[in-house]
Amino acid sequence: MNKIIKYVFYDIVRNKIVLAYTLFLLLLSVGLFNLGGSPDKGILSLLNLVLLTVPLISIVFATTHFYNSYEFMELLVAQPINRSKIFMSEYLGVSCSLSGAFILGVGLPVMLFGASITGLYLVLTGVFITFIFVALAFLASVITRDKAKGIGIALLLWFYFALIYDGIVLFILYSFSDYPLEHATLALTAFNPVDLGRIIVLLHLDVSALMGYTGALYKSILGSLWGIGLAFGLLLVWILVPVLSSRRIFSRRDL
Amino acid sequence: MKDQNKLIVNLLATLVLLLWVTTAFGSTLKVCKTCTYTSVKQAVKKARPGDTVVINDGVYKEFGIEINKPLVLIGQNNPVIDGNYKGQILTVTADNVTIQGLTFKNIETSYTRDDAAIRVIERSNARILNNTILNTYFGIYLQNSDHCLIEGNTVIGKDVKGVNESSLGNAIHLWYCDNSIIRNNRVEGHRDGIYLEFVKDSRIKNNLSQHNLRYGLHFMFSDGNVYTYNTFRKNGAGVAVMYTRNIRMEYNRFEDNWGAAAYGLLLKEITNSVIYNNTFRRNTAGMYMESSSRLDIQRNTFDRNGWAVRLLSSCTDDTFRNNNFTGNSFDVSTNGNSALNKFENNYWDKYSGYDLDKDKVGDVPYRPVSLYSMLVEKVPPSVMFMRSFMVDLMDNIEKVLPSFIPEDIIDEHPMMRRLDYDSDRKLTQVLR
């Protein structure tokens, strides 16, 4: 398994796209830290970027990679190797290389310019989101054999989590505004890893003072170490569910 | 001849009288460890009306000193009167008392008596100058006393972090005191920095109020007061002013009042007042207005606040003109359709219009209320979606095609450039 991971990893790293991705992130984060006056502001701008581009790039790259390495996987399947092992090594190879790029591109500047617990949460959130969206991409790719369809599904997933979901929740909140919705909002945000990541970071910035009662409630829940643990646990669930289900599909289906 | 005699007698009588007057005026009682009087209380008791009591350096462990005649109390070389947590230190029950250059400290929290370092009861013309008051329950407490001057005092309580609100008193507390002047004081570490209730026609100038648990300045039912050049910084809930008419607030700074329930300036039922040239920087809500009408708000700077202005729909006839709004998360938010308030010629950094005729006024109107701020006002939990991509998108769509945001909150003539006031406070202060 290690051998396959290594192979996939090197294959991706040799690919210029990941290098470009790293440079893009590095440039943006250094730029944002230098533009904004305080490191807090830099982290805030970076958060928007991380939550929008990292999922998009992760999901599109992972989907295309999966389809492009179909022949390689077929070759491996012909060998006496367990299918789930092949799948997991593909998954880990892709997500590790992408999160490596993220850590280099964003983690390094954060460490240099805005080293704080909030910065750490930002980087952790970014890594988790990379893993989650690669998992979702693999899920999209194992569902269908058609490359165009797979990329379509992946993009739709990104669209859903980055945009549509928030719209739906806001609509629900607006429709039921006569009810106390604080806990409901909390539950609803847990169903979207992007929102969860955003809130984890926002609560540790001083913008959280704007969040009034709901923010205070969130802070009382997510502010403690236990709460943070719970939030990252939820993100872990967000990785495990798509990975395990797509692994299952991959090991059973006809290639 | 007779006339001349009369004149001489008259002259002599006047001279004698004058001499007598000077003795009545001038007697000075000294208090120090080796003087005739070793305690302030003794000296005050012995002094006749109009005398001066000079207190020399040293620590006097005293409390319950009552001044019931017009005296001048002067501290020399910074003497300290230590209340030793036993009770109120100075109680003034006479007109024309001056207290100057003393240090008072250590008064215990007393819920029933409201002990203060200096309390003036129902007398006028008290002058409290350049004193230092440390670690007391109330600092300076004036009740029913008119024409008083409180100048150059430093009132410092304790570190208010985690302290219960009711266990703290106010630094400067005035109740039913008209025509007072409060200036150049520094107050911190109390419940309210400056608290005024039923105080009319007074001037509050050049004070620094910071790190108080509740409000930096708190007044109610205090009409006709003028607040200028004060700084209110890092107070637990900012500044709150209520139920008052005819006030002027100019050149004040409201800064760093940052917290879930903090405001730069909270206006509740304030009417017919002017708010000019103030700076609101880094407050959760720069200005929060409730049931306030006929306010003239001009040339203020709102910089890096959460909400620059929260204008509840109960406000009417307020005018915002020539203000700068920069770097605020929300410029204006409202909970309904606050019609009848007017925005004119303000500078908004979020304005993206153009100016074809180059008259420095934007050609398209600006709507300072964003859709999301309306949503947050209506459904508070939706604030959790702050900085979400969806929210930015929604706001931009609404900007292009306004349909939800209130029609009436609109700046028809926004400025293209940041307005430059004579922001050098020191200079304008000298010129005025």
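This is a predicted model: local features need pLDDT of at least 70, side-chain atom pairs count only at pLDDT 80 or more; totals for chains, interfaces and linings use all residues.
Does F232(B) count as buried or exposed?

1. F232(B) sits in strand β24 of chain B, which covers residues 231-233. The residue counts as buried, because there are 28 C-beta neighbours inside 10 Å of F232(B), and 20 or more are needed for that class. If residues up to four places away in sequence are not counted, F232(B) touches S209(B), G216(B), L217(B), G238(B), V239(B), N252(B), R253(B) and F254(B).

2. Chain B has five helices and 38 strands, and its C-alpha atoms fill a box of roughly 95 × 60 × 30 Å, taken along the principal axes. Of the 432 residues in chain B, 44% are buried. When the contacts in chain B with a separation of 6 or more are considered, 46% of them come from residues 24 or more positions apart.

3. A further point concerns the nonpolar cores. The largest nonpolar core has 94 residues, and the residues with the most contacts inside it are V53(B), A117(B), I118(B), I140(B), I172(B), I194(B) and V239(B). Strand β28 of chain B, made of residues 265-276, gives the most to this core, with five residues. One of the residues named above, I118(B), is in contact with L90(B), I99(B), F104(B), I128(B) and I140(B), once its neighbours within four places in sequence are left aside. Another core lies apart from this one, with 83 residues, among them Y21(A), I59(A), V376(B) and F385(B).

4. Most residues other than glycine have a negative phi. N84(B), however, has a positive phi of about 55° although it is not a glycine, and its place is in the loop between β6 (80-82) and β7 (90-92) of chain B. Because N84(B) has 15 C-beta neighbours inside 10 Å, it counts as partly exposed. D114(B) likewise has a positive phi, near 50°, and is a residue other than glycine; its loop runs between β9 (103-105) and β10 (116-121) of chain B. With 16 C-beta neighbours inside 10 Å, D114(B) also counts as partly exposed.

5. Turning to the meeting of the two chains, 29 residues of chain A are in contact with 20 residues of chain B. On the chain A side, the elements that give two or more residues are α3, α7 (147-175), α8 (182-190), α9 and α10 (212-222). Which of these gives the most to the side of chain A that touches chain B? It is α7(A), with seven residues. By class, the residues on this side of chain A divide into 17 nonpolar, eight polar and four charged.

6. Helix α7 of chain A also holds G150(A). G150(A) counts as buried because it has 22 C-beta neighbours inside 10 Å. Leaving aside its neighbours within four places in sequence, G150(A) is in contact with T63(A), Y67(A), A140(A), S141(A) and T144(A). F191(A), which is 41 residues from G150(A) in sequence, is 23 Å from it in space, C-alpha to C-alpha.

7. Helix α3 (residues 39-68) and helix α9 (residues 193-203) of chain A pack at an angle of about 160°, with their axes 10 Å apart. The two helices are therefore roughly antiparallel to each other, since angles over 145 degrees fall in that class. Their crossing is right-handed. The contact is made by L47(A), L51(A) and P55(A) of α3(A) together with V194(A), G197(A), R198(A) and V201(A) of α9(A), and by class it has five nonpolar, one polar and one charged residues.

8. In the second pair, the axes of α9(A) and α10(A) come within 11 Å and cross at roughly 95°, which makes α9(A) roughly perpendicular to α10(A). Here I199(A), I200(A) and L203(A) in α9(A) meet Y218(A), K219(A) and L222(A) in α10(A). The residues of this contact divide into five nonpolar, no polar and one charged.

Technical notes: Residues are numbered from 1 along each chain as its sequence is written. Chains are lettered from A and ligands numbered from 1 in the order in which they are written. Axes are lines fitted to C-alpha atoms, for helices over the stretch in contact, and angles run from 0 to 180 degrees between N-to-C directions. Helices (H or I, at least four residues) and strands (E, at least two) are DSSP runs, numbered from the N terminus. Angles under 35 degrees count as roughly parallel, over 145 as roughly antiparallel, 65 to 115 as roughly perpendicular and the rest as oblique. A crossing is left-handed if the near helix is turned anticlockwise from the far one by less than a right angle, and right-handed if clockwise. Two residues are in contact if their C-beta atoms, placed from the backbone, lie within 7 Å. Ala, Val, Leu, Ile, Met, Phe, Trp, Tyr, Cys and Pro count as nonpolar, Asp, Glu, Lys and Arg as charged, and the others, Gly among them, as polar. A residue is buried if 20 or more other C-beta atoms lie within 10 Å of its own, exposed if 12 or fewer, and partly exposed in between; C-beta atoms are placed from the backbone. A nonpolar core is a set of buried Ala, Val, Leu, Ile, Met, Phe, Trp, Tyr and Cys residues joined through C-beta atoms within 7 Å.
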